[in-house]
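Trainee: Could we go through this one label by label? I'd like to see the cut-off behind each word.

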Amino acid sequence: MRVILRRGTNEPEPESKETLEFGLLKVDPSSHRIWVAGEEIKLTVLEFRLVSTLLQRKGRVQTRETLLIDVWQYEASVTTRTVDTHVRRLRQKLKAAGDYIETIRGVGYRFVESIDA
């Protein structure tokens, strides 16, 4: 029963064709491009999926397991430390916008709900 309920909460958000903007960050899902303060940032496919997923679900905590399922499609060779490593690299690439991704110790990650947070 828990597995079925968990599946219902892990469904990916529908991808928007519109550009998403948040503070310094601008994401265009249709062209698979991202900008920070007007500067285009080159991301891998997984990094792009990760930042898009977090941004679409801003304000909500995403567990490492949820991210493994939704971003990586949960491969057996992937560990929860892989999520941590990718988030660290993503924060470095996003520079000042990397601060928008919060670590929720012992749980996972959350994209801040507002820039003032």
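**Labels and cut-offs**

Trainee: What makes Ala37 count as exposed?
Mentor: The relative accessibility of Ala37 is 59%. Exposed means over 50% relative accessible area, buried means under 20%, and partly exposed is what lies in between, with a 1.4 Å probe and protein chains only. So 59% lands Ala37 in the exposed class. Before you go on: this is a predicted model, with local features needing pLDDT of at least 70, side-chain atom pairs counting only at pLDDT 80 or more, and totals for chains, interfaces and linings using all residues. Residues are numbered from 1 along each chain as its sequence is written, and side-chain values use heavy atoms, with hydrogens and water left out.

Trainee: Where is Ala37?
Mentor: Ala37 sits in the loop between β3 and β4, and has a positive phi of about 50 degrees although it is not a glycine. Strands here are DSSP runs of E, at least two residues, and helices are runs of H or I, at least four, numbered from the N terminus.

Trainee: And what class does His32 fall in?
Mentor: At a relative accessible area of 40%, His32 is partly exposed. His32 is in the loop between β2 and β3 and has a positive phi of about 60 degrees, again without being a glycine.

Trainee: How do you know which strands are the edge strands?
Mentor: Start with the order: the open sheet of 4 strands runs β1-β2-β3-β4, with antiparallel pairing. Strands pair if DSSP finds at least two bridges between them. Both β1 (20-22) and β4 (39-41) pair on one side only, which puts them at the edges. Neighbouring strands of the sheet are turned by 20 degrees against each other on average, direction ignored.

Trainee: What joins β3 to β4?
Mentor: There are 3 bridges between β3 (residues 33-36) and β4. With at least two needed, the two strands therefore count as paired.

Trainee: Why is α3 called roughly perpendicular to α4?
Mentor: The axes of α3 (residues 64-72) and α4 (residues 80-94) cross at roughly 80 degrees and come within 9 Å. That makes α3 roughly perpendicular to α4, because 65 to 115 degrees gets that label, while under 35 is roughly parallel, over 145 roughly antiparallel and the rest oblique. Axes are lines fitted to C-alpha atoms, for helices over the stretch in contact, and angles run from 0 to 180 degrees between N-to-C directions.

Trainee: Which residues meet between α3 and α4?
Mentor: On the α3 side, Arg64, Glu65, Leu67, Leu68 and Trp72; on the α4 side, Thr80, Thr82, Val83, Asp84 and His86. Contact means heavy atoms within 4.5 Å.

Trainee: Is Ile104 buried or exposed?
Mentor: Ile104 has 19% relative accessibility, so it counts as buried. Ile104 is in strand β6 (residues 101-104), and touches Val61, Tyr109 and Arg110, not counting residues up to four places away in sequence.

Trainee: What makes a set of residues a nonpolar core?
Mentor: Such a core is a set of buried Ala, Val, Leu, Ile, Met, Phe, Trp, Tyr and Cys residues joined through side-chain atoms within 4.5 Å. The largest one here has 27 residues, and Leu25, Ile34 and Leu94 have the most contacts inside it. Its largest share, 5 residues, comes from α2.
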